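Please read them with the structure open.

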Amino acid sequence: MRTWTRAVPAAMGALALAVVLSGCNGTDSAKDGKGSGSSDDKKTYRLGEASPAQESTMKESKGSTFTVTPTKVATGTKADMDNSGLDKDKDKSPKIPVYVWATVTHKSGKAMEVGDMDDDLVVKTDKGERTKALIVIMGEAKWPDCPAPDSLKKLTAGQSEKICKAFLISEGQKAAAVQLSQGFYDEPLEWPAAG
């Protein structure tokens, strides 16, 4: 499901377009085959605990491996949404942001873009809804203490990058967990949100 929302960056006053990609309640709508998972059956981790090595299926870095370590989850406020620069979609239910801080680490193989390593992060709510990170097509949204990561930055083996991603969930719901999709057929890895 795709939701299109117009956004107005505070500094520019120009129109921008934002996209929120959502999974369907409990089903994984991730790209078929993205991520390789591990032979380890463990699927649940603590915040601060790294995922098993994931294998890139991106054409330019196919076969490279990386890990993702969600470290913190915080729910934003209605004021954060009001001050973000995003226009509210009058036809949709009100949304609030959830911020996820994580570290992506390139483990082996060809250089990889940060955006290829964090692309399969998902926030699951206490009502079972799943949503991917907000993507702003033109312009940018402003969030307190959560600057947009440099998704095009390339990391080589041994390098890490700390990132923060914003997700939009329905107002009145809470972030229950961060998930990392394991392709269409495998269950996602999950980090329950603290508190």
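**Notes on the predicted model**

1. T67 stands opposite T105 in β5. β4 and β5 pair in the antiparallel sense over 10 bridges; two strands pair if DSSP finds at least two bridges between them. β5 also pairs with β10, again in the antiparallel sense, over 11 bridges. In β10, I163 is the bridge partner of A102.

2. Some ground rules. This is a predicted model: local features need pLDDT of at least 70, side-chain atom pairs count only at pLDDT 80 or more, and totals for chains, interfaces and linings use all residues. Residues are numbered from 1 along each chain as its sequence is written, and side-chain values use heavy atoms, with hydrogens and water left out.

3. The protein has two helices and 12 strands. Helices (H or I, at least four residues) and strands (E, at least two) are DSSP runs, numbered from the N terminus. Along the sequence the pattern reads β-β-β-β-α-β-β-α-β-β-β-β-β-β. Of the contacts between residues at least 6 apart in sequence, 69% join residues at least 24 apart. Contact means heavy atoms within 4.5 Å.

4. How much of the protein is buried? Buried residues make up 45% of the 195 residues. Buried means under 20% relative accessible area, exposed over 50%, partly exposed in between (1.4 Å probe, protein chains only). β5 is mostly covered, with 11 of its 14 residues buried.

5. The largest nonpolar core has 24 residues. Such a core is a set of buried Ala, Val, Leu, Ile, Met, Phe, Trp, Tyr and Cys residues joined through side-chain atoms within 4.5 Å. V98, V100, V104, V123 and F167 have the most contacts inside it. Several elements each supply at least two residues, among them β4 (65–75), β7 (121–125) and β10 (160–170). β5 gives the largest share, five residues. A second, separate core of 11 residues includes M81, L86, Y99 and A141.

6. Leaving aside neighbours within four places in sequence, V100 is in contact with K72, V73, V123, I163, C164, K165, F167 and V178.

7. The whole structure holds one disulfide, defined as a pair of cysteine sulfur atoms within 2.5 Å. C146 and C164 form it, with their sulfur atoms 2.0 Å apart. The torsion about the S-S bond is about -105°, so the disulfide is left-handed. C146 sits in the loop between β8 (130–136) and β9 (154–155), and C164 in strand β10, 18 residues apart. Both cysteines are buried.

8. Seven salt bridges turn up in the whole structure. The criterion is a side-chain nitrogen of Lys or Arg within 4 Å of a carboxyl oxygen of Asp or Glu. E190 and K124 meet at 3.1 Å, N to O. E190 lies in strand β12 and K124 in strand β7, so the pair ties together parts that are 66 residues apart in sequence. E190 is buried at 17% relative accessible area, while K124 is partly exposed at 24%.

9. D82 pairs with K78, the closest N and O atoms being 3.2 Å apart. These residues are four apart in helix α1 (residues 78–82), and therefore separated by about one helical turn. K42 bridges to E49 at 2.7 Å between the closest N and O atoms. Salt bridges that share partners join K42, R46 and E49 into one network.
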